[in-house]
Amino acid sequence: PTSAQLSVVPPSGRFRYTLDNDLLTTEQRQFYEDNGYLLIKKLVSGEDIERFRKEFMRICKREVKPPGVMIMKDESLKSQFGQSEKVVNKVQDFQEDKELFRYCTLPEVLKYVECFTGPNIMAMHTMLINKLPDSDKQTFLHPMHQDLHYFPFRPASRIVCAWTAMERAHQDNGCLVVQPGTHKTTLKPHGYPEWEGKTNRLFHGLLDEDEKIPKVHLVMEKGDTVFFHPLLIHGSGINRTSGFRKSISCHFASSECHYIDVKNTTQEHLEKELEEMVRKKYNTASVELKDIWNFRARLVQGERINL
């Protein structure tokens with residue numbers, strides 16, 4: 001397949017975005033079909049969340065250095081706070097960190113993931129986000145976007161994100177914001193928003209956002225987990241509090257998904273940007289998008305087939 005649009009729309013039927021399972025109620029399945037997300041209360045234990053928080057702190061202090069991990073910081077705060085959680089806003093690609101990767105293998109998470117992907121499950125993209133208090137120089141507002149923009153594999157309906165709040169997430173500290181039902185649309189063009197001096201690397205957003213579509217703020221308690229479709233339009237607000245808003249997430253996909261060629265599609269410019277970043281980080285002459293994803297991807301359940 002050469003088109004990024006291929007296989008985006010699942011086959012018709014009553015349930016297009018969920019698979020038959022013994023876990024979700026009919027009402028839960030219908031809610032996901034209609035809205036593109038499903039919130040499960042108190043799914044991850046406080047003990048596990050505390051372990052993830054402690055490991056994040058160790059990474060911030062450079063007590064551990066997991067291979068392949070990408071640590072994103074607000075450089076403007078570095079001189080003031082040094083190596084600490086007050087500077088690091090994201091730890092990405094933690095698949096080689098044994099402690100954080102436990103999140104992707106939690107049975108209570110995987111049993112829900114299987115309802116969307118089927119039994120052969122790959123962990124494709126991992127993140128621990130530490131939304132910093134807003135400052136004049138830098139904002140950690142993430143523009144409205146679709147996660148499928150970042151992924152060169154399909155079909156979209158066999159990909160799902162699990163996003164767990166590590167503390168209470170609400171409007172004041174920048175909770176997730178979703179536009180229900182937008183998972184039924186196609187992948188839209190993304191790029192950097194025109195915010196003077198206020199964009200983070202790879203924080204792409206919709207180039208043409210429809211302001212008329214209603215938005216829902218997902219207020220979540222510690223341990224609450226939302227599962228959402230990669231075409232669902234979502235983002236997060238700025239953190240107006242003095243504390244930090246942490247969350248941990250993983251994008252899972254069926255290992256039966258296949259890679260696509262993003263040349264001549266809306267994803268091509270992202271491919272070039274990502275490849276350039278990896279070449280600089282690892283001082284390598286050439287790297288392909290598929291290689292990057294093969295490095296990130298790890299089997300967590302079942303059999304590895306295509307991805």
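Buried means under 20% relative accessible area, exposed means over 50%, and partly exposed lies in between (1.4 Å probe, protein chains only). Welcome to a predicted model, in which local features need pLDDT of at least 70 and side-chain atom pairs count only at pLDDT 80 or more, while totals for chains, interfaces and linings use all residues. Residues are numbered from 1 along each chain as its sequence is written, and side-chain values use heavy atoms, with hydrogens and water left out.

View 1. A salt bridge here is a side-chain nitrogen of Lys or Arg within 4 Å of a carboxyl oxygen of Asp or Glu. Helices (H or I, at least four residues) and strands (E, at least two) are DSSP runs, numbered from the N terminus. Glu55 is buried, at 6% relative accessible area, whereas Arg58 is partly exposed at 29%.

**View 2. Arg168 and Glu221 form a salt bridge.** The closest N and O atoms of this pair are 2.9 Å apart. Arg168 sits in the loop between strand E7 (159-165) and strand E8 (176-178), and Glu221 in the loop between strand E11 (216-217) and strand E12 (225-228), so the pair ties together parts that are 53 residues apart in sequence. Arg168 is partly exposed, with 39% relative accessibility, and Glu221 is partly exposed too, with 35%.

**View 3. Asp210 pairs with Lys212.** In this salt bridge the closest N and O atoms are 3.6 Å apart. Asp210 is partly exposed at 34%, while Lys212 is exposed at 73%. Elsewhere, salt bridges that share partners join Asp48, Arg51, Glu99 and Arg102 into one network. The structure holds 12 salt bridges.

**View 4. The second largest pocket has 14 lining residues.** A pocket is found on a 1 Å grid over the protein atoms alone, as an open set of points where a 1.4 Å probe fits, with protein on both sides within 12 Å along at least five of seven lines; lining residues have an atom within 4 Å of a point. Leu141, Pro143, Met144, Glu209 and Lys215 lie nearest the centre of this pocket. Strand E5 (residues 142-145) gives the most to the lining, with 3 residues.
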